[in-house]
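Have a look at the structure first, then read on.

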Amino acid sequence: MESLMFTYTCDSSSSEDKQNIKKLITAILDSKTFNFNVQDINLDTALHIASMRKDLNWVMARILERDDVNINLTNDEDCT
């Protein structure tokens, strides 16, 4: 998920690539079994990554709609 979000926001991605990546991200967001609380090496979750970039506000909004997301997880900079 993290790699997809970074690639989606990359300026070098073509519009066709962005559309395909958005479809993949949406499929993950629609998943009933994906764990959005998993943290990377910097303790960031998908929510942390999405909140860092304004062009991922749609991802952040979709993540926040879920009941299984822990919004209180902190990363290595103590940000929630």
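Let's start with charge: the protein chain has 8 positive and 14 negative charges, and their mean positions sit 9 Å apart. Lys and Arg are counted as positive and Asp and Glu as negative, leaving out His and the chain ends. Each charge is placed at NZ of Lys, CZ of Arg, CG of Asp or CD of Glu.

Keep in mind that this is a predicted model, where local features need pLDDT of at least 70 and side-chain atom pairs count only at pLDDT 80 or more, while totals for chains, interfaces and linings use all residues. Residues are numbered from 1 along each chain as its sequence is written, and side-chain values use heavy atoms, with hydrogens and water left out.

Now the fold. The protein chain has four helices and zero strands, so reading from the N terminus you get α-α-α-α (helices are DSSP runs of H or I with at least four residues, strands are runs of E with at least two, and both are numbered from the N terminus). The radius of gyration is 12 Å, close to the 12 Å from the globule rule for 80 residues, so the chain is as compact as a globular protein of that length. That radius is taken over C-alpha atoms, and the rule is 2.2 Å times the number of residues to the power 0.38. Along its principal axes, the C-alpha trace spans about 35 × 25 × 20 Å.

As for the inside, 31% of the 80 residues count as buried (under 20% relative accessible area; exposed is over 50% and partly exposed is in between, with a 1.4 Å probe and protein chains only). The largest nonpolar core has 16 residues, and Ile 25, Leu 29 and Phe 36 are among those with the most contacts inside it. Such a core is a set of buried Ala, Val, Leu, Ile, Met, Phe, Trp, Tyr and Cys residues joined through side-chain atoms within 4.5 Å. Beyond its neighbours within four places in sequence, Leu 29 is in contact (heavy atoms within 4.5 Å) with residues including Met 1, Phe 36, Trp 58 and Ile 63.
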